[in-house]
Amino acid sequence: VSYAINSQAFCSSIDRVVGLRVKVFGWEKMHRVRWAILTALVSMLSYLIANGIPFFKDLVALCGAATSIPLTLLIPAIFYRRIQGVPLFFPTLHSKYSFVLVLFSMALMVIGLIGAIGSIDVDW
């Protein structure tokens, strides 16, 4: 029941954002067909993810590796560099610490993703 409720809210949000922008074959007027295709795609993607990752801990590890470092370290450092008006991948005298943080967080994210994918491979 929870999946059905959450899936409908998710599909409704996607339909509002993307659905009316798709102007191929008159899809912006075919709401029911667009809704059926969208919910079928979300259901198939959910099924593939649920069966492709054998254990929930692996899914949590993969989501954590893909999102925690960027949200806590990488994005704030990138925003700081944007506000300061310095290039993203070139260190300057006044922004050397944020440059090191960008490099460090990218390295941690790659290491985390490698570890999470390795755990999925071992469990599968």
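**Close-up 1. The side chain of Ser105 and the backbone of Leu101.** In this predicted model, the side chain of Ser105 reaches the backbone oxygen of Leu101 at 2.8 Å. A polar contact is a pair of N or O atoms within 3.5 Å; within protein, one must be able to donate a hydrogen and the other to accept it, and residues adjacent in sequence count only if both atoms are side-chain atoms. Ser105 sits in helix 4, residues 96-123. Helices (H or I, at least four residues) and strands (E, at least two) are DSSP runs, numbered from the N terminus.

Close-up 2. Is Ser105 buried or exposed? Ser105 is buried, with a relative accessible area of 0%. Buried means under 20% relative accessible area, exposed over 50%, and partly exposed in between, with a 1.4 Å probe and protein chains only. Neighbours within four places in sequence aside, Ser105 is in contact with Ile69, Leu73 and Leu74. Contact means heavy atoms within 4.5 Å.

Close-up 3. Helix 4 has 28 residues. From first C-alpha to last, helix 4 reaches 41 Å, close to the 40 Å expected at 1.5 Å a residue. The expected span is 1.5 Å times one less than the number of residues. Which residues of helix 4 are buried? They are Ser98, Phe99, Val102, Ser105, Ala116 and Ile120. The buried residues of helix 4 pack against helix 3 (56-84).

**Close-up 4. The largest pocket.** The volume of the largest pocket is about 200 Å³. A pocket, on a 1 Å grid over the protein atoms alone, is an open set of points where a 1.4 Å probe fits, with protein on both sides within 12 Å along at least five of seven lines; lining residues have an atom within 4 Å of a point. Grid points are joined across faces, edges and corners, and a volume is the space filled by probe spheres set on the points. Lining residues include Phe10, Leu41, Ile49, Pro54 and Phe56. Helix 2 (31-52) and helix 3 each supply at least two lining residues. Helix 2 gives the most, with six.

**Close-up 5. The chain behind the views.** The chain has four helices and zero strands. Of its 124 residues, 19% count as buried.

**Notes.** Residues are numbered from 1 along each chain as its sequence is written. The model is predicted: local features need pLDDT of at least 70, side-chain atom pairs count only at pLDDT 80 or more, and totals for chains, interfaces and linings use all residues, while side-chain values use heavy atoms, leaving out hydrogens and water.
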